[in-house]
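Hi,

Here is the structure I promised to pass on. Have a look at it first, and then read my notes below.

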Amino acid sequence: MKRLPFAEASGLREAYEAVDWAATPIGDPAGWSRPLRQALELALGTRFPVLVCWGPDLVMLYNQPYADMVEGKHPAALGRPVREVFPEAWEELRPLFDKALAGEATWSVDLPLPLHRRGFLEESYFTFSYSPLLGEDGAVHGVMDIAVETTGQVQDHRRLELLTLLGDLATDLDSPAAVADRALDVLRTAPLDLPEVDLHLPGAVGTGREHVLPAAPEPLRPRQVLVREDGGAGPLAWVPIPAALGGASPGVLAARLSPRIAPDTTYRDFLRLVAATVGDGLSAAASYEAERRRADLQAWQAQRLGGLVAVAQALPDVDAEVDVLRVLGRGASALLGADGVVLGLLEASPDGTGRLEVLGDTADPAAAALASALRGVPVLDAAAGTAAWPLRLTDRTVGVLGLSWRRPRELRPEDRDLLTALAASAAQAVDRVRARRAEREAADAVRSLAETLQRSLLTSAPQPEHLEIAVRYLPAAEHAQVGGDWHDAFLTASGTACLVIGDVTGHDQDAAAAMGQVRNLLRGIGYSLEVSPASALSALDRAMRDLGVGALATGVLATVEPVEGARAWRLRWSNAGHPPPVVITPDGRVEVLRTEPDLLLGMEASFQRADHVHGLAPGATVLLYTDGLVERRGASIDDGVDWLARTAARFAHLGPDGICDAVLAEVAGHAEDDVAVLAVRVRPVPGPVLRDGA
């Protein structure tokens with residue numbers, strides 16, 4: 001049976017199988033051309049978002065990263081013409097497709113394409129290339145699209161430009177009203193993020209213009225972003241301007257948000273930054289108007305903004321608590337002139353009371369002050385030159401940030417705000433570090449449990465008089481979970497050696513448990529029925545159906561039998577969708593026993609499976625393996641099997657144990673899937689050699 005072109009579609013396979021391809025313009029997958037199959041195989045083998053459009057109607061096929069990128073359009077987009085899936089962007093896309101269909105590749109950078117992906121027409125940008133796909137007749141039959149969404153980068157860039165322009169307001173030594181006017185002029189140059197914007201300032205400080213947006217409908221908390229829907233024109237948002245004019249009643253930034261951008265955390269954080277930067281400009285103007293601290297204010301502004309940005313950029317990337325201290329030490333030294341920085345972290349203790357672990361110089365005066373802030377209230381001892389600021393999350397205190405100065409030190413209100421911000425960032429960073437560590441530990445525990453389960457189900461191989469058998473199992477590299485790969489070798493009651501290699505779909509303890517069921521069923525069938533490999537696999541199909549084993553598996557069942565009346569042997573096997581056996585002859589030649597593989601186990605209980613026979617000379621070795629040994633990212637299974645054949649030839653002089661160890665050493669440390677290997681060697685004895693098909 002011809003292999004489905006989307007058999008390797010992983011998480012998309014069900015979506016592909018749900019499409020009535022026969023009703024689409026490109027027809028039943030069984031009739032798809034080789035170029036289309038190759039293009040789809042290439043798409044499914046990469047982690048880049050890839051779209052394949054085929055035929056005059058440009059029918060869409062794609063991989064999982066592309067499905068993730070188009071979100072709500074998947075899975076309905078599969079098998080549909082691209083113009084039907086992207087009508088909102090078709091006017092921009094059609095000329096590019098026409099150029100690719102004419103044989104010319106295209107390249108688009110940060111192209112704006114409004115898309116319906118989350119229930120509304122969304123602003124989005126993409127960098128992508130359209131490449132013509134040739135059919136078997138050499139003509140262009142389709143287009144391949146390799147794309148990367150750059151919406152976040154484009155939005156971040158333009159928002160950074162706006163914030164940079166707003167930051168320049170802090171250098172405009174003018175009245176607060178004039179600075180507010182200029183702030184509005186700058187803000188109104190960003191209609192994509194702020195279609196309408198207004199400033200509501202307290203007292204006599206106004207912009208001199210009529211308000212275009214209403215005031216906040218309720219009092220606002222510090223850093224709150226209040227968003228209210230306002231029909232189809234886009235939501236309205238209000239953000240307090242922090243410490244604007246230094247008064248007790250801060251001003252408010254009012255903005256109409258873009259209806260094409262979701263009002264998510266990123267958008268709200270941008271509004272907070274806008275409000276904070278406007279507040280900086282107004283504060284600078286107020287200080288100038290009062291003829292005080294102009295130079296100090298500008299230096300403080302630059303130091304605070306630059307230092308906070310540096311700390312904010314560095315903390316999300318740290319992997320350990322000591323790295324949090326390192327980042328805070330640089331920031332506190334630069335921003336507050338601290339001479340010493342320590343970090344006290346609350347750690348659980350066996351008695352449940354908790355203990356404070358100090359990171360940094362325990363002899364620093366700040367270390368002695370840490371405990372005083374554990375109740376969640378900052379503590380400043382100006383005379384001693386120490387400060388202890390609690391690291392607070394929403395529901396708990398996770399530690400204390402301690403600072404020390406060599407001389408007595410008073411903290412200005414802005415210094416306190418800065419220290420509070422540093423402590424809040426540190427608390428979040430510590431929480432992230434611990435959460436990541438807990439996730440890694442949990443993943444390692446699950447992996448260890450699954451691997452232990454799997455190894456407990458894999459038995460050692462028998463060693464009959466006429467055969468040498470070796471088996472190996474290698475778990476996947478990195479942090480992937482254990483899968484359902486298995487090997488088995490046993491002797492029937494009559495002494496026939498049965499050899500099994502298989503792979504249950506999935507990568508967790510459930511797959512390992514399913515593997516155990518399938519393995520034990522096949523072992524019982526092979527031992528008790530004494531039938532050919534094909535008959536045994538057919539019986540296994542029926543048993544899986546009748547016993548409710550809800551799994552799919554590939555596998556090879558083989559027997560090594562003596563030829564009656566001759567001192568020679570034959571390999572008899574049946575292949576259920578598995579990579580082909582490899583035979584190493586006594587003189588070092590390698591043969592790949594490629595056949596048309598049958599259906600996977602568990603798919604159709606009535607399927608008629610086929611037996612295959614190959615003669616084995618004394619001293620020949622048969623190598624069975626799972627696909628983790630030959631799978632390579634960006635390459636086909638056939639390429640991997642060819643690599644294995646070349647590798648096996650290099651180690652043809654070794655016995656079964658040596659061959660297993662040698663081929664596994666080639667992939668150890670970078671195998672992307674589990675690997676099971678079985679090698680069986682006919683012991684060299686004199687006698688005639690059985691030819692293929694005997």
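Trp90, Phe97, Phe128 and Tyr130 come together as one aromatic cluster. Keep in mind as you go through this that the model is predicted. How many aromatic pairs does the structure hold? There are 6 of them, and two sit inside this cluster, so let me take those in turn.

A pair of aromatic rings is described by the distance of the centres and the angle of the planes. For Trp90 and Phe97, the centres are 5.7 Å apart and the planes make an angle of 35 degrees, which puts the pair in the tilted class. Phe128 and Tyr130 also form a tilted pair, with 5.1 Å between the ring centres and 45 degrees between the planes.

Two arginines sit over aromatic rings elsewhere. Arg159 is placed over the face of Phe270, 4.8 Å from the centre of the ring. Arg632 does likewise with Trp643, at 4.4 Å from the ring centre.

Now the salt bridges. The structure holds 34 of them, and I'll pick out a few.

- Glu84 and Arg80 are bridged, with their closest N and O atoms 3.8 Å apart. Glu84 is partly exposed at 40% relative accessible area, and Arg80 is partly exposed at 30%.
- Arg272 and Asp269 meet at 2.6 Å, N to O. Both belong to helix H8 (residues 265-289), and because they are 3 residues apart there, about one helical turn separates them. Arg272 is partly exposed at 22%, and Asp269 is partly exposed at 33%.
- Asp661 pairs with Arg472, the closest N and O atoms being 2.7 Å apart. What does this one tie together? Asp661 is in helix H16 (residues 656-667) and Arg472 is in strand S17 (residues 467-474), so the bridge links parts that are 189 residues apart in sequence. Asp661 is partly exposed at 40% relative accessibility, and Arg472 is partly exposed at 22%.

There is also a network: Glu71, Arg117, Arg118, Glu122 and Glu149 are joined by salt bridges that share partners.

Last, a sheet. Strands of a sheet pair through backbone hydrogen bonds, either parallel or antiparallel. This sheet is open, has 5 strands in the order S13-S12-S16-S15-S14, and pairs antiparallel. Which strands are at the edges? Strand S13 (355-359) and strand S14 (379-381) are, each pairing on one side only. From one strand to the next, the twist averages 20 degrees. Within the sheet, strand S15 (residues 386-392) and strand S16 (residues 397-404) run antiparallel and are joined by 7 bridges. To find your way around that pairing, look for Pro390, which stands opposite Val400 in S16.

Cheers

Conventions. Residues are numbered from 1 along each chain as its sequence is written. This is a predicted model: local features need pLDDT of at least 70, side-chain atom pairs count only at pLDDT 80 or more; totals for chains, interfaces and linings use all residues. Side-chain values use heavy atoms; hydrogens and water are left out. Rings of Phe, Tyr and Trp (its six-membered ring) pair if their centres lie within 6.5 Å; planes under 30 degrees apart count as stacked, over 60 as edge-to-face and the rest as tilted. A charge sits over a ring if NZ of Lys or CZ of Arg is within 6 Å of the ring centre and within 35 degrees of the ring normal. Two strands pair if DSSP finds at least two bridges between them. Helices (H or I, at least four residues) and strands (E, at least two) are DSSP runs, numbered from the N terminus. Axes are lines fitted to C-alpha atoms, for helices over the stretch in contact, and angles run from 0 to 180 degrees between N-to-C directions. A salt bridge is a side-chain nitrogen of Lys or Arg within 4 Å of a carboxyl oxygen of Asp or Glu. Buried means under 20% relative accessible area, exposed over 50%, partly exposed in between (1.4 Å probe, protein chains only).
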